[in-house]
Amino acid sequence: MMAIDGRESRRKKEVIGIIGAGVSGLLACKYCISKGFDPIVFESESSIGGVWSKTIGSTKLQTPKPFYQFSDYPWPDSVTEMFPDQQRVLEYIESYANHFDLIRHIQFNNKVLSLSYDGEWNLWGEAFNNKGKWSVTVQDTATLSTQVYQVDFVVVCVGRFSQVPNIPEFPPNKGPEAFEGEVIHSMDYSKMDSETAANFVKGKHVAVVGFQKSGLDIAMECSMVNGVERPCTVVIRTPHWNLPDFSPWGLNLGYLYLNRFSELMVHKPGEGMLLSLLATTLSPLRWAFSKYVEYYIKHKNRLDKHGMVPDHSFLNEWSSCSIAVEPEGFYNRVEEGSIKLIKRAKTLGFSKEGIVLEEKGEPIKSDLVILATGFKGIEKLKHIFELAKYQESIAGSDDSAAVPLYRECIHPRIPQLAIIGFSESFANLYTSEIRCRWLAELLDGKFELPSVKIMEKDIEEWDEYKKRYTYRKYYRRSCIAALHIWHNDQLCKDMGWNPKRKNSLWAEWFEPYGPLDYAG
């Protein structure tokens with residue numbers, strides 16, 4: 001166990017409340033302690049780890065572990081897999097929390113019911129305001145008693161992949177109530193341990209709706225339990241460029257998308273004329289990189305044969321943070337017949353026998369339907385706030401806009417509050433850590449935020465980038481994957497750090513950037 005050096009001698013009086021003890025909440029706690037604060041972490045569950053504490057048993061890390069690690073606490077040598085499984089990841093997170101003595105700051109089984117701001121708000125500049133505080137209403141989930149805490153600053157770390165499931169809209173009289181079988185969300189399946197999940201699907205005709213990570217893992221588990229006798233049917237609206245591995249044709253993907261040179265090919269928020277000209281000039285190379293990866297995935301997974309070639313590019317997929325590393329042997333299961341793919345489904349409904357699709361006459365006969373249709377992260381986030389004006393600020397009036405956060409952390413019109421872990425990248429631990437370090441420097445008074453007008457202009461520029469490169473018409477996932485280094489550079493400059501982190505010119509431009517580059 002390691003305490004953060006010097007914290008007792010320079011304890012600050014301001015109270016920081018942190019909501020959530022997943023990866024982002026633990027990082028926020030650790031870096032607040034490092035600046036002399038004594039944060040309170042409210043965690044609704046009985047353990048730490050966030051989504052990693054309750055996920056599908058066979059799920060593995062989606063990025064190679066060098067990109068998913070704490071900058072000052074690398075993976076132990078005993079973990080040799082490049083993509084560790086759920087249990088290994090959780091153990092690593094727990095080890096980090098114990099090493100830095102974070103557990104004592106966490107109040108478990110404490111669910112935050114609402115946030116309300118009391119007092120006057122001065123527009124952003126300094127992080128704190130002695131004329132206003134947040135009231136945090138917390139419920140003890142065991143006794144159902146409530147308590148109100150007054151805090152000077154709130155860090156919301158609730159993530160977007162939990163609690164509020166996204167349930168598709170169904171045609172009139174064709175919802176789950178019309179179905180004689182059972183319908184659950186992937187959230188419910190992920191709460192089961194491996195043995196319970198296997199027994200739950202055993203001997204049943206299972207249909208999975210959705211083709212991203214949860215859908216892939218659930219379909220794979222069902223196929224392993226039931227085999228070709230009762231194939232698992234996967235209903236797919238949009239095919240994706242799911243990766244069979246992270247090294248297309250033997251070249252680590254980091255050399256194509258995670259170095260400075262790769263970001264020269266992408267138009268950036270706030271770029272000058274020279275960078276804009278470079279991005280335009282290099283656009284053929286950007287196209288070639290995307291086609292290189294697409295051709296590998298098409299070849300490896302035999303996508304043409306299965307009618308699963310996406311309409312959008314791999315760059316669009318990467319820029320949307322929709323990349324999934326598929327379970328090993330997934331398409332072998334498709335070819336042997338234990339997984340059946342129903343492609344490009346449009347309208348989904350139910351009958352007594354199972355799923356009804358607009359384009360198919362006969363229902364897909366099922367005993368169990370699992371909706372791997374994601375979560376309503378924005379709904380969860382906005383309903384934490386008691387006041388409607390803050391709810392509206394989070395949701396926004398433009399359906400094509402992401403949640404408006406300056407530096408992907410600060411809402412310009414919500415005082416004394418940061419949101420960490422909601423905006424995504426290719427490795428969310430990596431992203432959350434540098435943002436938590438940035439926030440800790442802000443809380444410590446090392447720099448001040450610009451005016452609301454300047455922050456909102458910066459948010460608009462980032463939103464234009466996100467809309468430009470996503471494959472969706474309406475984009476709200478706040479993904480910065482294709483400009484990860486550009487984003488980190490902005491944070492570094494705010495903090496007074498040198499954004500160039502490599503030890504040679506070649507490495508600076510062509511080596512992949514990762515968490516250890518920001519150590520120290």
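Modeller: The largest cavity has a volume of about 80 Å³, in a model that is predicted. Its lining consists of L256, Y257, S262, E263, M265, V266, R286, F289, L315 and A482. Sorted by class, these residues come to 7 nonpolar, 1 polar and 2 charged. Three helices, α6 (254-257), α7 (260-263) and α9, each contribute at least two residues to the lining of the largest cavity.

The search over the whole structure turned up 2 cavities of 30 Å³ or more. The second largest cavity holds about 40 Å³ of space. Around the second largest cavity are S71, Y430, E433, I434, R437, P515 and Y518. That lining splits into 4 nonpolar, 1 polar and 2 charged residues.

α9 (283-301) supplies at least two residues to the lining of the second largest pocket, as do α5 (213-226) and α12 (330-336). The biggest share of that lining comes from α5, with 5 residues. By class, the lining of the second largest pocket is made of 10 nonpolar, 6 polar and 10 charged residues.

To return to your request, the largest cavity is a space of about 80 Å³, with 7 nonpolar residues in its lining and with α6, α7 and α9 each giving at least two of the lining residues.

Technical notes. Residues are numbered from 1 along each chain as its sequence is written. This is a predicted model: local features need pLDDT of at least 70, side-chain atom pairs count only at pLDDT 80 or more; totals for chains, interfaces and linings use all residues. Side-chain values use heavy atoms; hydrogens and water are left out. Helices (H or I, at least four residues) and strands (E, at least two) are DSSP runs, numbered from the N terminus. Ala, Val, Leu, Ile, Met, Phe, Trp, Tyr, Cys and Pro count as nonpolar, Asp, Glu, Lys and Arg as charged, and the others, Gly among them, as polar. On a 1 Å grid over the protein atoms alone, a cavity is a set of points where a 1.4 Å probe fits but cannot get out, and a pocket is an open set with protein on both sides within 12 Å along at least five of seven lines; lining residues have an atom within 4 Å of a point. Grid points are joined across faces, edges and corners, and a volume is the space filled by probe spheres set on the points.
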